[in-house]
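Here's a walk through one protein model, going from the overall picture down to single residues. Have the structure open while you read.

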Amino acid sequence: VRRPQRSGRVRPTGARGAMPLVAAYAPVTSDDATEEQPINPKVLPAPGFVVKTFSMVDSQKWFLNCCAHDIVDRPLANGSQEQVDDEYLDSWCLSNVQVPLHVCSKRTTVDHAGEASIAIDVVFNPALTKRATAAKAKNATAFQEHMRTLALSHTEKEYGVRLDRKAGRVIRAQYKGGRGDGSLPIPIPELVAMEREQMLRAMGGQGQSAAPGGRGGAAAPAKKLVQEYDSFEDAEKAAAARKSSAAAAAAARSKSGGIGESAGRPVIKAGFLNKAGGKLYPTGSSEGTPAKDAGDPLGWMPEKLRSRVQMVDGNMSEEEQQRMMRVHAGLEENPKKQALREEREAKAAVREDERIMWAQVQAALPSPEELERITKDTDPEDFLNELRSVSEKM
């Protein structure tokens, strides 16, 4: 099993295509084929929740089992690449972190209607599935949605398929396409291979890897972005060491209030002020510059409130001061309000005059019956001649 450095996911050693899937999780029976040997629980993922979706090409149903195993690291902080603690997950969920995960081999199964479907395990750290499946956790929905999106995205990249993300939803099952009635998890093939390799070494063999190279027997890339372990026990020890290291770092941060050095590295590197990265204040410092309202005795007040304050001018006459006092006491109308009132009254008077004028015009016009009578009794030629003579006089 490999531990992520910056890739943001776990890729266990071995090719899924090189090792037969049936050999990875098929029941191991005794010589008389009457009793099934127990499976090592260390190679089994813990059930979490299931995402059901469909292929965009052939509409085949896919079940993505979002399960958990300790071999997968906790989320890593984007900046420091350190594992985040429980306090961070409870406060910030999966924001600003890289989430390691492992996409297992796909297998054919059947749904409740007996139709052929695809089941696949996407393994996360147990800290995530615990919070995503907690009954009364306030962030359970947020964890499920984030993990659902990651599972769909990485499954598409791993197998080159297009899944219906809009139709992908979390169902009530905890595991699909497993052993027994389908709800028992299937061992992780890469951990099974490591366990077998360890048994061969214990028996004196050389312990050849059960799955050399990448998918389809391809050689692994020369540049390794992840850390490899020789045995399952070594991987467990490394995981336990990482847990204790993360707990110690969290305790140190809590004691220091989150300020200071992180993982032995200073927050500010020595000599950073001497770097030629540009000036700190290209336009100069604004410290000491007079404020916008400097010199205003009411500058300490908010601008909106200050606009409503009326100060008494010392140069006002005694009569003007007395009037302002009467206005303040409500004995006299405020001059500004009086001007606004008079303006409104003048506009209302103009509208009233216009209304009266139009009423008079309408009263002077003949009624519809009178207009019809005039139309019948009037000769068009005489009307045009009379209208022409009136226009000439005008």
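## Ground rules

Let's settle burial first: a residue is buried under 20% relative accessible area, exposed over 50%, and partly exposed in between, using a 1.4 Å probe and protein chains only. This is a predicted model, so to speak of local features we need pLDDT of at least 70, while side-chain atom pairs count only at pLDDT 80 or more and totals for chains, interfaces and linings use all residues. Residues are numbered from 1 along each chain as its sequence is written, and side-chain values use heavy atoms, with hydrogens and water left out.

## The overall picture

The protein has eleven helices and ten strands. Both are DSSP runs numbered from the N terminus: helices are H or I with at least four residues, strands are E with at least two. Of its 394 residues, 31% are buried.

## Strand 8 and its partners

Two strands pair if DSSP finds at least two bridges between them. Strand 3 pairs with strand 8 in the parallel sense, over seven bridges, and C67 has V123 in strand 8 as its bridge partner.

Strand 6 (residues 102-103) pairs with strand 8 in the antiparallel sense, over two bridges. Here H102 has V123 as its bridge partner in strand 8. Strand 7 also runs antiparallel to strand 8, and four bridges join them; one links V110 to A116. The hairpin of strand 7 and strand 8 has five residues between the strands, and in it G114 takes a positive phi near 85 degrees.

What does K61 form a salt bridge with? The partner is D111, and the closest N and O atoms are 2.9 Å apart. (A salt bridge is a side-chain nitrogen of Lys or Arg within 4 Å of a carboxyl oxygen of Asp or Glu.) This pair links distant parts of the chain: K61 is in strand 3 (residues 61-68), while D111 is in the loop between strand 7 (107-110) and strand 8 (116-124), 50 residues apart. Both K61 and D111 are buried.

D111 also gives us a way over to G182. Their C-alpha atoms are separated by 9.5 Å, although the two residues are 71 apart along the chain. G182 is in the loop between strand 9 (169-171) and helix 5 (189-202), and G182 counts as buried because its relative accessibility is 14%. Leaving aside neighbours within four places in sequence, G182 is in contact with Y175, K176 and G177.

The rule gives 17 salt bridges. R373 takes part in a salt bridge with E370 (2.3 Å, N to O) and in another with D377, where the closest N and O atoms are 3.4 Å apart. E370 and R373 both lie in helix 10 (residues 368-377), three residues apart, about one turn of the helix. D377 and R373 are four residues apart in helix 10, so about one helical turn separates them.

D377 has 57% relative accessibility, so D377 counts as exposed. Elsewhere, R74, D86, D90 and R131 are linked in a network of salt bridges.

## Two positive phi values

Most residues other than glycine have a negative phi. Q81 is not a glycine, yet has a positive phi of about 60 degrees. Q81 is in the loop between strand 4 (76-77) and helix 2 (86-92), and counts as buried because its relative accessibility is 19%.

C93 also has a positive phi, near 55 degrees. C93 is in the loop between helix 2 and strand 5 (97-98). With 15% relative accessibility, C93 counts as buried.

How values were computed: Contact means heavy atoms within 4.5 Å.
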